[in-house]
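Subject: Model handover and findings

Dear colleague,

Please find the model below. My notes follow it.

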Amino acid sequence: MGGALWSGWERSDIAPSVILDRHCASPAPPHRVARTPEEIPAGFRPEFVVLAVKPGGAEQAVAAVAPWLEGATLLSVMAGRRCGGLRAAARAAGHDAPVIRAMPNMPSSIGRGVTGVYAEPEIGLVRTMQAEALMRAVGQVAWVEREEQLDLVTALSGSGPAYVYLLAELLEQIGVTHGLPPDTARLLARGTVAGAGAVLDASATDAATLRRNVTSPNGTTAAALNVLMQPDAWPDSLARAIAAATARAAELAR
Ligand SMILES: NC(=O)c1ccc[n+]([C@@H]2O[C@H](COP(=O)([O-])OP(=O)(O)OC[C@H]3O[C@@H](n4cnc5c(N)ncnc54)[C@H](OP(=O)(O)O)[C@@H]3O)[C@@H](O)[C@H]2O)c1
């Protein structure tokens, strides 16, 4: 996710000053990439330190960047990990860094992400606006009022691109199973998902209306939707999938 944000920021007029990642193999100028904390200039004073490690690696990562936390705000994109725990990790590393949480998604890499953001009430307007500017540089931003709501954001949009890719994958597989050449099935499946997404993006019309507009009564689309929209079909399986992802995010918090 850090790589996706980095790509998105590189495309915008906001570029991260230093990237710390032990596997970083980007062609960006080497002075901006550090593989170990020792490679970060000692006098570096960032306004924001973005944490994009696996939730279990939070404490280790906060300890690694502790020398640069003085005066900085921690912006975490980690699923589950709560502001309170991250602030405690920063305190344990010697700094009382304020924490803002953002839950972006992978299309951030091309500036088309959607990000849910939560800031503790005491964060203040300046930091809040700066965090918003950072996330707006890679797509759209929605603030949530309660931190727990980020678990649902994680399940809905953070993990959401995977559900859409799964749809393309299954359409392709079914096309092949029923006799289409693989290349043809792939082109049709990918093109359908990408094209429908582009129309959704370009239109102010809500998704349900767009769906109705392409569904003739008693036609082929209606025949398929009669299957998909059975309460125990997509409405139920998607609701259960989102509930499972939300529960997993809450579990990561513990
Ligand atoms: N994937 C998504 O679509 C998505 C969407 C929204 C939010 N997120 C959140 O983004 C976070 C990152 O997810 P990810 O899938 O991108 O994880 P990832 O692939 O493991 O990326 C994290 C990178 O940071 C490196 N790293 C970890 N600790 C480090 C340290 N102390 N010093 C230097 N480098 C360090 C890791 O190296 P090692 O592998 O060696 O540890 C790895 O290369 C997660 O908390 C996730 O919840 C992900």
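**Ground rules**

This is a predicted model: local features need pLDDT of at least 70, side-chain atom pairs count only at pLDDT 80 or more, and totals for chains, interfaces and linings use all residues. Numbering runs from 1 along each chain as its sequence is written, and side-chain values use heavy atoms, with hydrogens and water left out.

**Overall build**

The protein has 10 helices and seven strands. Both are DSSP runs numbered from the N terminus: helices are H or I with at least four residues, strands are E with at least two. Its C-alpha atoms fill a box of roughly 70 × 40 × 30 Å along the principal axes.

The chain has 254 residues, and 35% of them count as buried. Buried means under 20% relative accessible area, exposed means over 50%, and partly exposed is in between (1.4 Å probe, protein chains only). Accessible areas come from the Shrake-Rupley method with a 1.4 Å probe; for residues, only the protein chains shown count as cover.

**The ligand**

Which residues come nearest to the ligand? They are M1, R22, H23, V53 and A79, out of 15 around it. A residue is near if one of its heavy atoms lies within 4 Å. The shell divides into 10 nonpolar, two polar and three charged residues. Here Ala, Val, Leu, Ile, Met, Phe, Trp, Tyr, Cys and Pro count as nonpolar, Asp, Glu, Lys and Arg as charged, and the others, Gly among them, as polar.

The cut-off is a pair of N or O atoms within 3.5 Å.

- M1: a polar backbone atom, 2.5 Å from a ligand oxygen.
- R22: a polar side-chain atom, 2.9 Å from a ligand oxygen.
- V53: a polar backbone atom, 2.6 Å from a ligand oxygen.

On its own, the ligand has 900 Å² of accessible area, and the protein covers 72% of that.

**The cores**

A nonpolar core is a set of buried Ala, Val, Leu, Ile, Met, Phe, Trp, Tyr and Cys residues joined through side-chain atoms within 4.5 Å. The largest has 22 residues. Its members that touch the most others are V49, L51, V62, L69, L74, A90 and L150. Strand 3 (48–51), helix 2 (58–65), helix 3 (83–92), strand 5 (99–103) and helix 5 (149–158) each give two or more residues to this core. A second, separate core has 16 residues, including L75, A131, M135 and V141.

The contact lists here and below leave out residues up to four places away in sequence. A90 touches V62, L69, L74, H95 and A97. V62 sits in helix 2. V62 counts as buried because its relative accessible area is 0%. Its partners are L51, L69, L74, A89, A90 and A93. From V62 to R91 the C-alpha distance is 9.6 Å, across 29 residues of chain.

**Single residues**

I19 is in strand 1 (residues 19–20). At 11% relative accessible area, I19 is buried. I19 touches W6, C24, R32, V33 and A34.

S157 belongs to helix 5. Its relative accessibility is 16%, so S157 counts as buried. Its contacts are N105 and V114.

W234 lies in helix 10 (residues 234–253). Is W234 buried or partly exposed? W234 is partly exposed, because its relative accessible area is 45%. It touches L167, L228 and A239. W234 and A137 are 33 Å apart, C-alpha to C-alpha, and 97 residues apart in sequence.

N218 is in the loop between helix 8 (207–213) and helix 9 (220–228). Its phi is positive, about 65°, although N218 is not a glycine. With 81% relative accessible area, N218 is exposed.

Best wishes

Conventions:
A polar contact is a pair of N or O atoms within 3.5 Å; within protein, one must be able to donate a hydrogen and the other to accept it, and residues adjacent in sequence count only if both atoms are side-chain atoms. Contact means heavy atoms within 4.5 Å.
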